[in-house]
Structure formats: C-alpha cells, structure tokens
Amino acid sequence: MSKKSRVWLAVALVLVLLLGAGVFALFRLPMTKSSAAEAAAHDLAEEQLSSDIWHQKDLAQGLFDRVTKALGKRVDLRSVTVDDITEAEGRTVATLDWSWANNDGESWEYSSQLPLEKNGLFWWADLTEKAIHPKLGTGGSFALRANPGGRGKILGADGEVLMAEGKVIDIGVHPNRLEPDTIGRLVNGLNDGVDSLDLDAADLEKSVDDAAGNQLVPVVTLREDDYRSVKSAIHDLPGVLFSEDTQTLTRSRGFAQATLGSAGPASAEDIEKSEGEIIAGDIVGRTGLQKTFDSRLSGPGSVEVFAKGDPTDDKGGKTKLTSLHAFESQDGEDLETTLDVDIQTAADDAAATAKKPAAVVAIRPSDGHVLAVANHDPAGAAWDRALSGQYPPGSVFKIASGLALLDAGVKPDDDIDCPKTVNIGGKSFKNAEDEVLGTVSFADDFAHSCNTAFVSSADKVTGDDVADAAAQLGMLGDTSAIGAKMASVPADDDEVTHAAQMIGQGKVQSSPLAVATMAASVEAGETITPQLVVGAALDEAKSGDSGQGAGKGTGNDDDAPSLDADAAKEISTMMAKVVTEGTATALKDVPGDPVHGKTGTAEYGEETPPRTHSWFAGFQGDLAVAVLVEDGGFGAEAAVPVAHEFFDSVN
C-alpha cells in the first residue's frame with residue numbers, strides 16, 4: 001500500500017470513529033420529553049444524578065444532597081415515578097410522584113413538578129428545591145424532628161411499675177423580674193423542703209449575673225410531689241417561673257435510681273456522635289437499664305418532616321419551619337425485671353445508712369432473681385457500682401478459695417495454724433490487727449478470717465483451682481446483656497500473687513453482683529446465674545449471643561466442674577459459724593432464720609498503710625446479699641451494720 005493510500009485510510013478511520021461517537025452521544029441525549037422525564041425520575045429515585053439531562057450535573061447533585069441530607073437514616077426514598085407531562089403557557093412540566101418511608105415502613109407520598117426545557121433536538125431539566133417538594137423555597141431544605149411516642153415502662157416483680165413517665169415542674173428565674181432577696185429565699189425554700197437537695201445561692205446568683213436580661217435561668221426540675229412540698233414557700237416569689245413537663249421517673253425519688261437509670265432529650269453531642277441515628281427531639285437512655293435497653297424502651301422512633309426556609313433569609317434569628325408530614329408515633333415496649341419493690345426499698349434504705357459510698361445487691365438463690373440493686377453516695381448521685389464496679393473482694397473471697405481447699409481434700413475440722421505473719425516468696429502477709437489464733441480448725445480460721453492460714457495453704461491448690469471454684473460459685477458468669485460486670489479471677493501461679501489471691505487480693509476483682517451470686521450459689525448448693533431482666537428482652541439478649549443467663553445453671557465455662565452440693569453445705573456451715581462466733585457476731589440478733597455470712601476487708605491503693613474497702617456476703621433463708629462500703633475499713637465495722645439494717649427491714 002502506498003504512503004498516500006495509508007494516509008487516506010487513517011483519515012477514513014478517524015471519520016468513522018468520530019461519527020460513531022456522535023451517534024452514541026446522540027442516543028444518550030433525550031430527544032423526547034417523556035424520555036427526559038423518565039431519566040430524571042430514575043436518577044432521583046437512585047439519588048444519583050448521573051444522566052446527561054441535567055444542566056450542570058454536579059450542581060444538581062449538590063442541591064439534591066443538601067435538601068435531603070437531614071432525612072439521614074430515619075427516612076428513606078423508596079421511589080420517584082412520572083405521573084404526567086403537561087404543557088401550558090409555553091412551559092413543559094413533568095409531574096413526579098415521590099414515595100418515602102420511615103424505618104417502620106410507613107409511607108409518605110406527594111407530588112412535585114419538574115420543569116423541562118427543549119434546546120434544539122434535546123430536552124433538559126434544571127433541578128430546584130421546589131421540584132423536590134412543592135413547599136420548599138429557594139435555599140430551603142428538609143428538616144427532621146423526632147415525634148416520639150410514650151417511652152416504655154420498667155416493671156418489677158408481679159408487674160409493679162418501677163419507672164414510667166411522670167409530671168415534673170421546671171423552676172427557673174427571670175433576671176429582669178427579681179427582687180433583692182428572691183434568690184436567697186428561693187434556695188432556702190427548696191433546700192428546706194426537698195431532702196438531699198443542696199442548691200448553692202452564690203452559684204445561682206452568678207448564673208443570673210452572667211445571663212442576658214431576658215434569658216430564663218433554670219434552677220431545678222422537681223417531681224410533682226416534691227414541688228407540692230415547697231410550693232407555698234416559693235410560688236409567689238418575684239421573678240420565679242414554673243412550667244410543667246414530663247420525664248421518665250422512678251416510682252419514688254432515689255428508688256434503684258442508678259440501676260434503672262435515666263433518660264432525657266438528646267443533646268447536640270448525642271446527635272453529632274450518632275451519625276444520623278439520633279435527631280433533635282429524640283429521648284435517649286443515658287444511664288442504667290434505660291441506656292442498655294434504649295431501643296426497646298424508646299420504640300421505633302417516629303419523626304416529623306418539615307420544610308426549612310433559607311437560613312440566609314431568616315427573620316429575627318429564627319428559620320421558618322413548615323410541617324410536611326408526621327409519621328405515626330409509636331410507644332416503646334415495657335421492660336420486665338425481677339426487682340422486688342419491698343426488697344429494693346429495704347436495700348435502698350440500708351445503703352443510705354452508710355457514711356461512705358455503698359452498694360447492696362440481693363438475690364433469691366432458688367431462682368437466681370436479682371431482687372434489689374441499691375447504690376448510695378453521700379456526696380451526690382450514685383453510679384451503679386453494685387452492677388458495674390470492680391473491686392478487690394478481700395476476705396469475702398475466702399468463700400471461693402475455701403471451696404478450692406475443700407475440693408483439694410482439706411476438711412473443716414483439719415488443724416491449720418494461724419500465726420501473726422507468714423512469709424511467701426519474700427512477701428510478708430499478716431492478719432488484721434495482728435491477730436494470732438494458733439493451731440485451730442480450718443472452720444475457725446474461716447470464721448475469724450485468718451489471712452495467714454489461707455496464705456500458707458496456697459500450695460495445696462493451683463491458680464486454676466481457685467478460678468474454677470469461683471466459676472462454680474457463679475462469679476465468672478457473663479452479664480454483659482444487662483450492662484453489668486461479674487468477677488475476674490486470673491489463674492496466676494506466681495507464688496506471691498497466688499497467695500494474695502487466696503485472700504481476695506492480688507489480681508482478683510469483683511462486682512457486688514458477683515459477690516452476691518457467690519453467696520446465693522452456696523445457699524442453693526449449685527451454680528447460680530443472676531437474672532435481672534426477663535421476658536422478651538431477655539430472649540433478644542440471648543439471640544444476640546450476649547450470654548445473659550436465666551436462673552440456675554452451670555457457669556459459662558463448659559470445662560469448669562459443677563458445684564458439689566456437699567462442699568457447698570460445708571461452706572454454708574462455716575459461714576454460719578462466722579455469725580455465731582466469728583467476725584459477724586453483730587448479726588446474731590437479726591430476727592428470722594439464722595444468718596450465714598462472711599466479712600471482708602480489701603486493701604487498695606498505694607498508701608501506707610493501705611486504705612480498705614468493707615465487704616459482707618451472706619444469706620438468710622432464700623435471700624442472699626452482698627454489701628460493699630467503699631473505703632469503709634473493716635468489714636465488721638462498716639458493711640455488717642448495713643447488712644443488719646437490710647435484714648431488719650426485710651424481716
């Protein structure tokens with residue numbers, strides 16, 4: 001082929017390619033108004049404006065994303081279809097039918113009009129806010145607010161209502177309307193009328209001084225019954241304003257508060273962290289069971305959609321909102337627990353007698369039901385140390401290490417020396433107050449909580465043996481489904497650590513819930529798994545592989561030996577001796593069945609001498625209890641009086 005022929009062939013190939021590209025482009029562009037409308041509806045339904053019908057495609061996509069962003073994860077676009085195409089006064093308009101749905105499948109449907117424009121042979125579309133919804137103006141967008149139904153109740157044993165929505169009174173002051181002594185009289189009236197309320201007049205006065213003249217300064221929110229007790233003293237004070245609201249409340253102030261938890265309006269931080277899961281107006285669980293079971297208690301979470309005006313065209317700092325559609329509100333589901341009103345009240349009252357932060361957990365050994373979880377802090381609101389706290393258990397753990405020794409062949413009447421001190425691996429261990437018992441029975445060592453006897457017996461068992469004993473007593477179960485923690489007993493065979501763990505020190509950590517479970521297992525003669533939540537919520541937790549158990553059963557470790565009933569009986573007998581002649585004799589006069597128990601003093605921190613937590617674990621009939629008093633000193637001095645108060649109240 002000549003050079004001239006090759007040139008003409010190349011030119012011909014280029015022309016063919018250009019012609020093909022032109023034909024391809026021609027077929028991509030809409031040549032009819034119906035094809036343009038259908039392409040637009042398809043793009044909008046997919047939320048991807050990828051067709052060539054749009055003028056300035058990127059700008060159109062940006063407008064669509066801005067207008068619909070607020071709907072987030074709560075309202076989904078299901079479809080956009082062409083209903084009709086009309087022409088009037090030189091305008092061609094496609095009527096689009098929109099269908100959205102909330103997370104519960106409820107529909108929201110409406111129509112809008114998308115203008116179409118013919119330019120030469122082809123049709124084009126310009127997306128505007130009004131084309132997405134007819135009530136949206138230029139610069140406007142959708143806005144979303146929660147439209148929640150009633151929050152589910154938290155129920156206790158026999159269906160008793162423990163927590164439900166109730167009336168509250170918000171109290172505030174208006175700086176411009178105050179008279180000189182209003183704040184002082186208001187604070188005094190509130191503090192005198194409401195137990196444990198401790199408002200500071202100077203702090204409130206500073207808040208008033210810092211506020212703008214027309215800005216309401218909130219003071220406190222009171223339950224309706226608390227408000228009635230102070231109404232006569234504060235209602236007519238100048239500048240004091242009152243408004244009614246509803247709030248999720250416990251059946252009485254302070255009733256199992258830390259465990260039941262709290263719920264309230266979503267904060268800006270809640271909304272930001274949720275990445276669209278939470279919106280303004282949502283009520284969210286903040287602590288306790290309210291937080292752990294928030295999705296159940298709050299229900300599907302209904303919403304209301306608004307048209308929001310252009311933020312650059314606001315009036316007086318307020319952007320206009322026009323309601324477009326409110327999805328049907330649905331109430332949340334109730335949560336059923338095992339808490340018993342009378343036992344819980346006794347536990348709350350007993351914990352409140354402690355001079356330091358305290359926790360009380362009560363379990364019914366026959367079925368594992370948690371009957372009470374009480375938390376008290378003299379300095380203010382208590383967190384749920386009873387279910388979530390992790391502390392060295394000290395000598396109450398001798399129930400577990402004692403069981404390990406019994407399993408290893410030690411008998412209650414075997415003589416084990418109790419000297420003042422004993423040295424293990426270069427570390428000296430001693431008894432409380434330098435007590436010396438001499439050579440006495442293992443049961444006596446247990447009753448008088450002899451550290452040196454247990455430490456010197458550490459070589460009779462391994463770290464695995466001690467951990468297995470704790471598992472047999474239910475201490476290592478999984479209660480993550482209720483937001484709780486049990487115990488940690490590392491199988492550490494380091495000589496010094498292992499010796500320390502025989503007396504509940506070293507690396508052993510436990511919650512009061514785990515200690516109460518240990519006592520309940522002894523009384524039952526088999527491993528108990530504590531149960532706080534029952535019914536459908538528990539089934540949901542199980543299906544989520546959370547490990548939340550129900551009532552009696554073996555520990556979570558399938559390889560752990562089951563609790564031997566005879567060994568449990570021997571531990572029970574030794575626990576009875578603790579009360580009759582050991583470290584808990586103050587409980588001998590408790591009315592009703594004999595109390596079985598074990599005291600504990602647990603060292604913590606780096607101070608010399610170390611600070612100590614105070615413990616008691618025990619049972620009376622079909623009621624097991626654990627008491628913790630933080631930084632309380634000896635168990636007999638701080639925890640035992642709380643246990644006494646509890647048993648007295650129950651009986």
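Predicted model: local features only at pLDDT ≥ 70, side-chain atom pairs only at ≥ 80, totals over all residues.
A residue is called buried here when its relative accessible area is under 20%, and exposed when that area is over 50%.

**Helix 3**

Select residues 57–68, which form helix 3. Which residues of this helix are buried? They are Ala60, Gln61, Leu63, Phe64, Val67 and Thr68. Turn the view to look down the axis of helix 3: the buried residues fall within an arc of 160°, so they line one face of the helix. An α-helix has 3.6 residues a turn, so residues three or four places apart point the same way. On the other side of helix 3, Asp58 and Leu59 are exposed.

Next, display the elements against which the buried residues of helix 3 pack: helix 2 (33–46), strand 1 (75–88), strand 2 (91–102), helix 4 (129–132) and strand 5 (141–146). The length of helix 3 may also be checked: at 1.5 Å a residue its 12 residues should span 16 Å, and the end C-alpha atoms are 17 Å apart, which agrees.

**Two residues with positive phi**

Most residues other than glycine have a negative phi, and most peptide bonds are trans. Select Glu47, in the loop between helix 2 and helix 3. Its phi is near 60°, a positive value in a residue other than glycine. Glu47 counts as partly exposed, at 31% relative accessibility.

Move to Glu433, in the loop between strand 19 (427–430) and strand 20 (438–441). Glu433 is not a glycine either, yet its phi is positive, at about 55°. At 66% relative accessibility, Glu433 counts as exposed.

**A cis peptide bond**

Select Thr608 and Pro609; the peptide bond from the former to the latter is cis, with omega near -5°. Pro609 lies in the loop between strand 24 (595–604) and strand 25 (611–620).

**The cavity**

How many cavities of 30 Å³ or more does the count give? The count comes to one. The largest cavity has a volume of about 50 Å³. To find its lining, select Arg74, Asn102, Asn103, Asp104, Pro300, Gly301, Ser302, Glu328 and Gln330. Coloured by class, this lining shows one nonpolar, five polar and three charged residues.

Finish at Ala268, which is found in helix 9 (residues 268–274). Is Ala268 buried or exposed? Ala268 is exposed, with a relative accessible area of 64%.

How values were computed. Residues numbered from 1 in each chain as written. Heavy atoms only, no water. 1 Å grid on protein atoms, 1.4 Å probe; cavity = no way out; pocket = protein on both sides within 12 Å on 5 of 7 lines; lining within 4 Å. Points joined across faces, edges and corners; volume = space filled by probe spheres on them. Nonpolar A, V, L, I, M, F, W, Y, C, P; charged D, E, K, R; others polar. Helix = DSSP H or I, 4+ residues; strand = E, 2+ residues; numbered from the N terminus. Expected span 1.5 Å × (residues − 1). Buried < 20%, exposed > 50% of the residue type's maximum accessible area, 1.4 Å probe, protein only. Arc of directions from axis to C-beta. Contact = heavy atoms within 4.5 Å.
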